[in-house]
Amino acid sequence: MEIIISCMDRRLHGKLDAFNDGETFFLRNAGANVFGLKETLRQLVNSNNISAIKVMPHTDCGAMKLVSSVIKDGAKVDAEIDKMLVEQFKHMKFSSRDELERANLEIQLKHLKDMFPGINVAGDLIDIKDIEDKAKGHSHVLYIAKPSTKPYSEIIEENPFNTYVVQALSREELYPDIKIAVMLGQEKVFMPVLSREEERMVKMDFSVLGMRPDILPEELRESIEIIKRYSLPTKIK
Ligand SMILES: [Zn+2]
């Protein structure tokens with residue numbers, strides 16, 4: 001079996017489905033950030049016969065805009081996001097977002113090579129210009145799921161171009177990406193698209209997310225409220 005790691009960006013599902021052979025696990029987070037998926041990767045590699053791992057970030061990436069705004073413009077970012085995403089770029093010099101996006105591919109490839117010396121590792125930067133954006137309106141959705149071998153055309157039932165996808169196994173790895181999704185989309189509405197298979201996972205994570213609302217940034221609290229509202233069992237079908 002193989003693993004493909006890509007960004008949660010809503011425009012990538014079709015491109016990724018072209019690599020779906022039914023034998024490949026897909027993992028997604030902000031920026032195709034291998035560093036932020038180490039635990040999930042270890043678990044998958046330990047319990048499956050993984051022969052190859054490919055990392056596929058993309059151009060015009062919101063996560064890289066975020067990294068750039070922190071490093072170049074001194075924007076403030078949540079400590080967890082800093083640790084899981086931004087930190088790994090701090091030693092770097094880059095003069096443009098293009099350069100940063102190319103460097104991201106190299107950095108994530110290096111993480112993979114260091115972690116899994118016995119596994120075939122490859123990477124590719126997806127050019128977003130090749131993908132036509134067919135989003136309907138501005139209302140965007142966040143879909144939280146386990147790593148899966150299923151095509152997105154099956155997982156996402158409506159408006160795929162409005163749907164961001166995060167796929168990881170641990171709360172620690174999902175949490176910063178949910179925060180990033182909230183930060184990147186001020187005009188977006190976030191709610192899970194729930195399929196029966198994912199129901200248990202989503203419920204578990206949201207109960208954890210709801211544990212200490214007092215420590216959450218306000219925009220995240222608000223988003224979780226929206227998520228919870230749409231997670232009502234009556235919505236699951
Ligand atoms: Zn992206």
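Predicted model: local features only at pLDDT ≥ 70, side-chain atom pairs only at ≥ 80, totals over all residues.
## Contacts around Gln167

Two residues are in contact if their C-beta atoms, placed from the backbone, lie within 7 Å. Setting aside residues up to four places away in sequence, glutamine 167 touches Phe26, Leu27, Arg28, Ala145, Lys146, Pro147 and Ser148. Glutamine 167 sits in strand 6, which covers residues 163–167.

Is glutamine 167 buried or exposed? Glutamine 167 counts as buried, because 24 C-beta neighbours lie inside 10 Å and 20 or more is the cut-off for a buried residue. Glutamine 167 and phenylalanine 25 are 142 residues apart along the chain. Their C-alpha atoms are separated by 9.9 Å.

## The chain as a whole

Now step back to the whole chain. The protein chain has nine helices and six strands. There are 237 residues, and 36% of them count as buried.

How much of the contact set comes from residues 24 or more positions apart? Among contacts in the protein chain with a separation of 6 or more, such residues account for 73%.

## Pro147 and its partners

Proline 147 was one of the residues touched by glutamine 167. Where is proline 147 found? Proline 147 lies in the loop between strand 5 (141–145) and helix 6 (152–155). Proline 147 is buried, because 20 other C-beta atoms lie within 10 Å. Leaving aside neighbours within four places in sequence, proline 147 is in contact with Phe25, Phe26, Leu27, Thr40, Leu44, Gln167 and Leu169. Proline 147 and isoleucine 4 are 143 residues apart along the chain. The separation of their C-alpha atoms is 9.8 Å.

Leucine 44, one of those contacts, belongs to helix 2. From C-alpha to C-alpha, leucine 44 and proline 147 are 8.8 Å apart in space. In sequence they are 103 residues apart. Leucine 44 is partly exposed, because 18 other C-beta atoms lie within 10 Å.

Glutamate 23 is in the loop between helix 1 (13–17) and strand 2. Why does glutamate 23 count as exposed? The reason is a count of 10 C-beta neighbours inside 10 Å, since 12 or fewer makes a residue exposed.

Glutamate 23 touches Met1, Glu2 and Thr149, not counting residues up to four places away in sequence. Take the partner methionine 1. Glutamate 23 and methionine 1 are 22 residues apart along the chain. Their C-alpha atoms are separated by 5.2 Å.

## Two positive phi angles

Which loop holds alanine 32? Alanine 32 is in the loop between strand 2 (24–29) and helix 2 (38–47). Its phi is positive, about 55°, although alanine 32 is not a glycine. Alanine 32 is buried, because 30 other C-beta atoms lie within 10 Å.

Aspartate 60 also has a positive phi, near 60°, and is a residue other than glycine. Aspartate 60 is found in the loop between strand 3 (52–56) and helix 3. Aspartate 60 is partly exposed, because 16 other C-beta atoms lie within 10 Å.

## Helix 3 against helix 5

Two packed helices are described by the angle between their axes and the distance between the axes. Helix 3 covers residues 62–71, and helix 5 covers residues 97–115. Their axes come within 10 Å and cross at roughly 110°. Helix 3 is therefore roughly perpendicular to helix 5.

The crossing of helix 3 past helix 5 is right-handed. Which residues make the contact? Helix 3 supplies Met64, Lys65, Val67 and Ser68. Helix 5 supplies Arg97, Leu100, Glu101 and Asn104. By class, this contact of helix 3 with helix 5 has three nonpolar, two polar and three charged residues.

## The buried side of helix 4

Helix 4 runs over residues 79–86. Which of its residues are buried? They are Ile81, Met84, Leu85 and Val86. These residues cover an arc of only 150° around the axis, so they lie on the same side of helix 4. An α-helix has 3.6 residues a turn, so residues three or four places apart point the same way.

Key: Residues numbered from 1 in each chain as written. Axes fitted to C-alpha atoms, helices over the stretch in contact; angles between N-to-C directions. Helix = DSSP H or I, 4+ residues; strand = E, 2+ residues; numbered from the N terminus. Parallel < 35°, antiparallel > 145°, perpendicular 65-115°, else oblique. Left-handed = near helix turned anticlockwise from the far one by under 90°. Nonpolar A, V, L, I, M, F, W, Y, C, P; charged D, E, K, R; others polar. Arc of directions from axis to C-beta.
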